[in-house]
Amino acid sequence: MAVTPSPFDFKAFLKTVAALPGVYRMLDAQGTILYIGKARNLKQRVASYFRENHASAKTRSLVAQIRTIDVTITHTETEALILESTLIKEHQPRYNILLRDDKGYPYIHLSAGDFPRLCLHRGAKRAAGRYFGPYPNANAVRDTMQLLQKVFRLRPCEDSFFYGRSRPCLQYQIKRCTAPCVGLIDRNGYRQQLQDAVLFLEGKSGQVIADLAERMETAATTLNFEAAALCRDQIAELRQIQERQHVEGENGDVDVIACALRGGAACLQIFIFRAGRLLGNRAFFPRLPGEEDLPAVQAAFLAQYYLDKEIPGEILLSTLPTDADLLARSLSERADRAVIISARPRGQRAHWLAMATQNAEHALAARWASQAGTKRRLDALGEALGFEGKLSRLECFDISHTHGEATVAACVVFDEEGPRKSDYRRYNIAGITPGDDYAALHQALHRRYVRLQQEKARLPDILFIDGGKGQLSQAGEVLAELCIAGIMVIGVAKGPERKPGLETLYLFAENRPIILPADSAALHLVQQIRDEAHRFAITGHRQRRAKARTVSTLDSIPGIGPKRRQVLLKQFGGLKQLSRAGIEDIAQVAGINAELAQRIYDAFHDKG
């Protein structure tokens, strides 16, 4: 009997994706790549595929087949675009049909002549002049040319158009060209712009900016402030035109391996470079027998990974293993040539390693946020606190206000799958002395657990309170009032100078504090739930405060809806005039009886 593959849980996956630039690969149940794409914001782009009612049948068909999505984080969107092109050419996924035009990479062509033009070129390089590239696609060329024209103002027009002009065109009017066609710039001036553009396209942006800075100083000294301002603007624009690519640029075959270690788990991220081009990457999560250090993890991994893998000439590591020389000799013998193992690179290789390290840290953080990672941290927390049984539900409360204004209490819930946002709750606090956090917490806890009792809902195993002994006592009082037992109540007090890792835990009815190690998986879970409660509370407070400052006094009066409010404001010309009106005047407005007029009057005059 065939086993039907389980559908892709995109909601769980999106929790692990960072809002960073990168490349994503969508795979089916057999591991075949269906689609490769790039994004400026991976989280937003991937989420867009799972909206309901896609107009495109292609997209609906693609989404129905997805079982796995792999992501690769890059430094910039431009890097992601180049990597996307490389991977599409290699794997030729079924759903990347629109990009499989096999036209080759486009170039920027700088023509010959007294006043050369900049243009996009694809195909054989037969025309005279210089070619810069290749670029990943035509859009990248057009974007670069548009920015180059904005800074250096070289002509983009065809020769037939150029030689037939008698007056400047629109490009001159919008300051994208210096109009050499009608002699508004001489050959020497145009050559200066051309030289700057060529140097920049050759990657010598530092020299161009230095030259512009020198010209700016000279112009300012001679009181030519218009020319100085132009140089200043060019320097600012140049820094945004073209970003140096970190996914290619040097020759050689290199494997870049970065390791991240956290709370008894490790992630090794391998980036494979061949002939200076990034071919792809992969993450490994080795099982660790206990607490291990980075050098030991890297050494064990290298020895096993290259048993059946191609061995490059250089292996670049984030941390050098203790037996690096021995590993290098062993791999050299296996490859029958010299193999270099190194760390602490410079230049381009330092960028490669930084990218691999970022991906390793992100992948490990995503794994911790997954169900398996959360379960391990729950077990670690239960062991650290001496909890009898298995932890499956945690709740945490926090209070947020600004000098007592718009006080909001927030409750967040975590279970074995991580944050359970459908169970999050906010409580608008009223009827207390402004700024009294104890009273606010008492009110929120009472409302929360009375409701849970009435609904016979699941109670938490542990209740965390963001605060010290005072807040902790409030939680104890509420649970005692409601005769709720079996909940472990813990106060999370911030450490000195509020530094993470120095938190102190206080157990209710116990005088002893608990201080967990900074690298403890249990503490990491406590920090995560505490930070989530703080985020949820402060977001609710800001929303309530903003609403209070924009809502009209009329909105709080029972019986006043949008239509009556509009009629009142039209009749009196605004709130200020309405506030000065008497009860009889208000009652004369259509739809306003004497009782409602009294309430309106009281709203403006009974402020206590």
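Tutor: Two strands count as paired if DSSP finds at least two bridges between them. The model shown above is predicted.

Student: Over how many bridges do strand β4 and β6 pair?

Tutor: Strand β4 covers residues 107–111, and its pairing with β6 is antiparallel. Within this pairing, Ile 108 has Phe 132 of β6 as its bridge partner. At least two bridges are needed for a pair, and the count for β4 and β6 is four.

Student: Which residue of β19 stands opposite Leu 505?

Tutor: Leu 505 lies in β18, where it is the bridge partner of Val 492. That contact belongs to the antiparallel pairing of strand β17 (residues 488–493) with β18, joined by four bridges. β18 also pairs with strand β19 (residues 513–514), again antiparallel, over two bridges. In β19, the residue opposite Leu 505 is Ile 514.

Student: Are the residues of strand β18 that point either way buried or exposed?

Tutor: Thr 504 and Tyr 506 point one way from β18, and Leu 505 and Leu 507 point the other way. Buried means under 20% relative accessible area. On both sides of β18, these residues are buried.

Student: At what angle do helix α15 and helix α16 pack?

Tutor: Helix α15 spans residues 437–455 and helix α16 spans residues 469–481. Their axes are 9 Å apart, and α15 passes α16 in a right-handed crossing. The packing angle is about 35 degrees.

Student: How many residues of the contact of α15 with α16 are nonpolar?

Tutor: From α15 the contact includes Leu 441, Leu 445 and Tyr 449, and from α16 it includes Ala 475, Val 478 and Leu 479. Five residues of the contact are polar and two are charged. The number of nonpolar residues is seven.

Student: What percentage of the residues of the protein chain count as buried?

Tutor: The chain has 608 residues, and its secondary structure comes to 21 helices and 19 strands. It exposes about 32,500 Å², with carbon and sulfur atoms supplying 49% of that area. The share of residues that count as buried is 45%.

Conventions
Residues numbered from 1 in each chain as written. Predicted model: local features only at pLDDT ≥ 70, side-chain atom pairs only at ≥ 80, totals over all residues. Heavy atoms only, no water. Axes fitted to C-alpha atoms, helices over the stretch in contact; angles between N-to-C directions. Left-handed = near helix turned anticlockwise from the far one by under 90°. Contact = heavy atoms within 4.5 Å. Nonpolar A, V, L, I, M, F, W, Y, C, P; charged D, E, K, R; others polar. Buried < 20%, exposed > 50% of the residue type's maximum accessible area, 1.4 Å probe, protein only. Areas by Shrake-Rupley, 256 points an atom, 1.4 Å probe, with all protein chains shown as cover.
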